[in-house]
Amino acid sequence: MRNLLTRQSGGSGSGTAGKMITVRVYLLAIVSSMGAFLFGYDMALIGTSIELHSFKKDFGLEHASKSVEDAFAANIVSLLQAGCFGALISAPLSDRFGRSLAGTPRNSSLCGVGTQ
């Protein structure tokens with residue numbers, strides 16, 4: 001079986017002499033586009049959830065002023081952006097300290113969420 005992740009080039013007679021055709025390029029495109037899709041989906045889900053009557057009732061925002069609602073929405077979006085920052089620094093931390101040690105704060109926060 002041929003290894004799909006190795007570089008393949010067209011032969012000199014095929015017309016693709018200078019082009020490197022790999023499955024890695026397609027995998028990278030798929031993964032990055034799915035990341036962008038999921039980020040947009042999260043933003044849309046949060047934006048519409050904040051405006052739901054049931055959400056406002058559950059979080060005590062039914063009779064809140066516009067400035068309080070805006071501050072609440074800003075805090076939610078800030079937490080989303082903080083999660084993105086955490087994802088950006090996880091790769092360098094894993095390279096330097098190893099996967100298990102770099103994931104310890106994340107794992108402990110997940111355990112805290114699970115107990116709630």
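## E51 and its salt bridge

E51 makes a salt bridge with K56, and the closest N and O atoms sit 3.7 Å apart. The term covers a side-chain nitrogen of Lys or Arg within 4 Å of a carboxyl oxygen of Asp or Glu.

A word on where this comes from: the model is predicted, so local features need pLDDT of at least 70 and side-chain atom pairs count only at pLDDT 80 or more, while totals for chains, interfaces and linings use all residues. Residues are numbered from 1 along each chain as its sequence is written, and side-chain values use heavy atoms, with hydrogens and water left out.

K56 is found in helix α2; helices (H or I, at least four residues) and strands (E, at least two) are DSSP runs, numbered from the N terminus. With a relative accessible area of 17%, K56 is buried. Leaving aside residues up to four places away in sequence, K56 touches I50, E51, L61, E62 and E69, where contact means heavy atoms within 4.5 Å.

K56 also pairs up with E69 in a salt bridge, with 3.8 Å between the closest N and O atoms. That pair links distant parts of the chain, K56 in helix α2 and E69 in helix α3, 13 residues apart.

Is E69 buried or exposed? At 18% relative accessibility, E69 counts as buried, and K56 is buried too. E69 touches K56, L61 and A64, again not counting residues up to four places away in sequence.

The count comes to three salt bridges. One of them is between the side chains of D70 and K66, at 3.7 Å from N to O. Both lie in helix α3, four residues apart, or about one turn of the helix. D70 is partly exposed, with a relative accessible area of 41%, and K66 counts as exposed at 58% relative accessibility.

## Aromatic pairs

The structure holds four aromatic pairs. Rings of Phe, Tyr and Trp (its six-membered ring) pair if their centres lie within 6.5 Å; planes under 30 degrees apart count as stacked, over 60 as edge-to-face and the rest as tilted. F59 and F72 form a tilted pair, 5.7 Å centre to centre with 50° between the planes. F59 lies in the loop between α2 (53-58) and α3 (66-97) and F72 in helix α3, so the pair ties together parts that are 13 residues apart in sequence.

F59 counts as partly exposed at 49% relative accessibility, and F72 counts as partly exposed at 24%. F55, F59 and F72 form one aromatic cluster.

## The whole chain

How many helices and strands does the protein have? There are five helices and two strands, and from the N terminus on the elements run β-β-α-α-α-α-α.

Of the 116 residues of the protein, 8% count as buried. The protein exposes about 9,400 Å², with carbon and sulfur atoms supplying 65% of it; accessible areas come from the Shrake-Rupley method with a 1.4 Å probe, and for residues only the protein chains shown count as cover. Among contacts between residues at least 6 apart in sequence, 18% join residues at least 24 apart.

Definitions and conventions:
Buried means under 20% relative accessible area, exposed over 50%, partly exposed in between (1.4 Å probe, protein chains only).
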